[in-house]
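Student: I would like to learn how to read a protein structure. Can we go through one feature by feature?

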Amino acid sequence: MEVLWVILLLLVPLLMWTSSTFVFYFKKCFYVAWMMLLALVAIPLCILKSGGRDVENMRIIRILVRHVKYFLGLRFEVSGWEHLQTEGPYVIISNHQSSLDVLGLMEILPDRCTMIAKKELIYAGTVGLICWLGGIVFINRKKTSDAKSVMADAAKTMLDDQIRLWVFPEGTRNQRGDLLPFKKGAFHLAVQAQVPIIPVVFSSYSNFYLRKQKEFKSGTIRLKILPKIETKGMTSDDVSSLSEKSFKLMRSAFLDISDSVTQSNGPLRH
């Protein structure tokens, strides 16, 4: 048994050095396992702090998660911090590329801010439980009527409890090198609550992370926080134009910062 452990200890560094596919799976497995372990640590801390489900628990989650980027060899460069210095509730919208987005989210997550996420996440073991304790709003994407009802309740909660909500308007993960068309939920939410929208853009991960090619290197992620978009006075009739305006602003920023990151670090081979 001891010989086996010695062989494994020697083999892992060798594979990390010579096999990009091994590195990809090693980092992915480590990331999932470490996040589940952190959630296990966070659960009793959140219960002791708040007694149960509360958006204030996101402070604990934020503190525990922020170091994970170092293990994966990732670095964040953030611009536009001043745009998050907005009082009261608002809706943050951002592009969505992979589960790694959580690391960038925790990098800039403002106080009293939680997320809207797919209902399936609640069944993800300790991670699902800590999401629930953090006040994350779960929606059933397959039932439009349920999603609309949840959004209406979320708008009321935002105003009553003075919280902020982070939404991924693409609705699904996307690593195609561009943004997917936005779904309207986040914009109905902001208009119904009459709160501003703050767009946040993640640069493309393609310079360090390619899921299909099994590549996961060290890299830099640029996060750009754009100026808030006011919704006061808007009605449901303005939702489509609001969505289109937000999409154009975010797509322009995405292409700009992604290009600058690629020029700095070079693309991964395809």
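Student: What percentage of the 270 residues in the chain is made up of buried residues?

Tutor: Keep in mind that this is a predicted model. A residue counts as buried when its relative accessible area is under 20%. Buried residues make up 47% of the 270 residues in this chain. The accessible surface of the chain is about 14000 Å², and carbon and sulfur atoms hold 60% of that surface.

Student: How many helices and strands does the chain have?

Tutor: There are nine helices and nine strands. To see how the chain is put together, look at contacts between residues at least 6 apart in sequence: 77% of these join residues at least 24 apart.

Student: Which residues does UniProt list under "transmembrane region"?

Tutor: The UniProt record, an unreviewed entry, lists residues 31–48 and 121–139. An annotation of this kind may be inferred rather than shown by experiment, so compare each span with the model. Residues 31–48 are 100% helix and 0% strand, and their end C-alpha atoms lie 26 Å apart. Residues 121–139 are 47% helix and 16% strand, with end C-alpha atoms 10 Å apart.

Student: At what angle do helix α2 and helix α6 pack?

Tutor: For a pair of helices, read the angle, the distance between axes and the handedness. Helix α2 covers residues 20–50 and helix α6 covers residues 125–133; the angle is about 40 degrees and the axes are 8 Å apart. Their crossing is left-handed. On the α2 side the contact includes Met35, Ala39, Ile43 and Cys46, and on the α6 side it includes Thr126, Leu129, Ile130 and Leu133. By type, the residues of this contact are 12 nonpolar, two polar and no charged.

Student: Why do residues three or four places apart point the same way in an α-helix?

Tutor: An α-helix has 3.6 residues a turn, so residues at that spacing point the same way. Now take the packing of α2 with helix α3, residues 58–65: the angle is about 150 degrees, and the axes are 9 Å apart. This crossing is right-handed. Met35, Leu38, Val41, Ala42, Leu45, Cys46 and Lys49 of α2 meet Ile60, Leu64 and Val65 of α3. The residues of this contact comprise nine nonpolar, no polar and one charged.

Student: Is α3 mostly covered or mostly uncovered?

Tutor: Count the buried residues in the element. In α3, six of the eight residues are buried, and the helix is mostly covered. They are Met58, Ile60, Ile61, Arg62, Leu64 and Val65. Then ask what covers them: these residues pack against α2, α4 (68–72), α5, β3 (113–118) and α6.

Student: Is glutamate 107 buried or exposed?

Tutor: Compare its relative accessibility with the cut-off. Glutamate 107 has 15%, so it counts as buried. This residue lies in helix α5, residues 101–108. Apart from neighbours within four places in sequence, glutamate 107 is in contact with Arg66, Lys69, Phe76, Val78 and Trp81.

Student: Where does serine 246 lie?

Tutor: Serine 246 is in helix α9, residues 239–265. Its relative accessible area is 0%, so serine 246 is buried. With neighbours within four places in sequence left aside, the contacts of serine 246 are Ile93, Phe182, Phe187 and Ile229.

Student: Where is the place of glycine 135?

Tutor: Loops are read the same way as helices. Glycine 135 is in the loop between α6 and β4 (137–139). Its relative accessibility is 13%, so glycine 135 counts as buried. Not counting residues up to four places away in sequence, glycine 135 touches Arg53, Asp54 and Thr114.

Conventions: Residues numbered from 1 in each chain as written. Predicted model: local features only at pLDDT ≥ 70, side-chain atom pairs only at ≥ 80, totals over all residues. Heavy atoms only, no water. Helix = DSSP H or I, 4+ residues; strand = E, 2+ residues; numbered from the N terminus. Axes fitted to C-alpha atoms, helices over the stretch in contact; angles between N-to-C directions. Left-handed = near helix turned anticlockwise from the far one by under 90°. Contact = heavy atoms within 4.5 Å. Nonpolar A, V, L, I, M, F, W, Y, C, P; charged D, E, K, R; others polar. Buried < 20%, exposed > 50% of the residue type's maximum accessible area, 1.4 Å probe, protein only. Areas by Shrake-Rupley, 256 points an atom, 1.4 Å probe, with all protein chains shown as cover.
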